[in-house]
Amino acid sequence: MDFHLSTQRPHSTQAGVVVVGIFDDGILSSAAAEIDEVAQGRLKSLIESGDLSSRLGAANLIHALPGVASPRVLVVGLGEQRKMDAARFLRVVRDSSKVLRGASATSAASYLPEIDVPGRDANWKAEQNLLLVDHGCYRYARTYKTSPEAPKLTSLSIPAAELPSDLPQRAQALAAGVRLTRELGNLPPNICNPAYLAEEAGHMADRHDDIDTEVLGRAQMETLGMGSLLAVGQGSANEPKMMVMNYSGAAKGNKPVVLVGKGVTFDSGGLSLKPGAGMEEMKFDMCGAATVFGVMEAVAGLKLPINLVGVVPAVENMPDGRSYRPSDVVTSMSGLTIEVLNTDAEGRLILCDALTYARRFEPSALVDIATLTGACVVALGSHATGLMSRDADLSDELRDAGERMMDRAWPLPLWDDYQSQLESGFADIANLGGKYAGAITAGCFLSRFTEGMRWAHLDIAGSAWDSGRKGNATGRPVGLLVEWLRSQA
Ligand code: BES
Ligand code: MN
Ligand code: ZN
């Protein structure tokens, strides 16, 4: 979708649909009041007759208002004026974009950024409005349906007042990153396997001059001693790959941020096979990888003056005669030996080797992103990403960035008290932490491989996709991470 700034007022814009808001008790936003005035009080009389709802998120589409240039006005309910806040603003924009998605207009002009939102500035409102409409109108593009529905709305404008002229272009770059993450996440696992992700990393380098890509195959990983990652991939006919994408936006001497994303292109559980119901959702087990791609895309589009490395270990976890087994002992790249108690706790086994590999970049900060545990979904549901770090500053930075973008993460402790749950009788460490605190013990496992580094772990098992038959990848936490990176730049 194309984003624009416009100096037109709501009654004179040529857009196919104009979006304005009304509060409870007949209070009109300034844009709605302007429409009402040229339309000789039509909005007010519709409110009085009860035909226009101001309930939070209500969306009323009105056609052919007299005096209004645009053929459609979408009047959205803002609820009580004194209750307006960031979360309610986003709810209103989200609900209105569902109507925009279904409407026949190809262009829209939204005046919702003119609404006062306590604690949030014009930039925030503008960016969120653009991103959320783009999000709401998203249709899985590489669809394999024989007659795909094409998105109709292709252009969106917001009032120019007070905004930097490059805001649309910058929001565009972020939206492109989010879209890439959703697109990769939604792809079926027979298409999106490790080799496909390797190709995607190649495209990344083709699109952006300042990104270089390197792909490691099984032989190179054997040489590096990545016994843990390779064990997970053993049961699959698809060769494991590890992608390393290098974005140089700053001088060589600047230490990079390194992102590591879990890329299990399908997680059957392996020999510790998952139950059938819901197994199809395990195509999303590469959403951490997809997040790394999306962040790289956005950062390159924004030309942020930082150095950034994306590391994506990609494997398929399958049952087979060659599969790794519960009770196998594997040797990780770090030298630590691991007893595999459950082949379904595979994410940590590929991440540990990728995290060890990341050391060579001497990162200024190291963040891994992974659909790591069902336990995290039990703890936080889908609203918050699980955030674990022993570095209080890094944890705060990430949490604040998520709060600013309303792509939120919430901390879980990584106290040493939990480490004993990972003890093994047969190796240095077990890959299973027992019944309780599963999200934390998974984090503790990773912490064994990140000693001395400024590291944080984001468990996105609940936030990366919407569950259910038509559930899509959400593109989270691309917003959080890009906001964190740009706030440092
Ligand atoms: N990819 C799953 C985690 C997952 C499960 C994410 C459900 C989203 C929804 C991960 O590889 C896994 O299977 N984790 C196990 C760990 C357990 C065996 C210690 C889990 O959470 O059950
Ligand atoms: Mn698993
Ligand atoms: Zn998994």
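This report describes a metal site and the nonpolar cores of a predicted model.

## Basis

Local features need pLDDT of at least 70 and side-chain atom pairs count only at pLDDT 80 or more, while totals for chains, interfaces and linings use all residues. Residues are numbered from 1 along each chain as its sequence is written, ligands are numbered from 1 in the order in which they are written, and side-chain values use heavy atoms, with hydrogens and water left out.

## The zinc site

K262 (NZ), D267 (OD), D285 (OD) and E346 (OE) coordinate the zinc ion (ligand 3) at 2.0 to 2.4 Å, where donors are N, O and S atoms within 2.8 Å of the metal (3.2 Å for Na, K and Ca), and sites may look incomplete since water is not among the atoms. The six donor atoms subtend angles of 78 to 175°, which makes the arrangement octahedral (six donors, with opposite ones over 155 degrees apart and all others between 65 and 115).

D267 also bridges the zinc ion (ligand 3) and the manganese ion (ligand 2), which lie 3.2 Å apart. Both K262 and E346 are buried (under 20% relative accessible area, with a 1.4 Å probe and protein chains only).

## Nonpolar cores

The largest nonpolar core has 96 residues, and L308, L481 and W484 have the most contacts inside it; such a core is a set of buried Ala, Val, Leu, Ile, Met, Phe, Trp, Tyr and Cys residues joined through side-chain atoms within 4.5 Å. Domain 1 (2–165) and domain 2 (172–488) both give residues to this core, so it lies between them, the bounds coming from an automatic or database domain assignment.

A second, separate core of 50 residues includes M388, L422, A442 and C444.

Technical notes. Four donors count as tetrahedral if all angles lie between 85 and 135 degrees; four count as square planar and six as octahedral if opposite donors are over 155 degrees apart and all others between 65 and 115; anything else is irregular.
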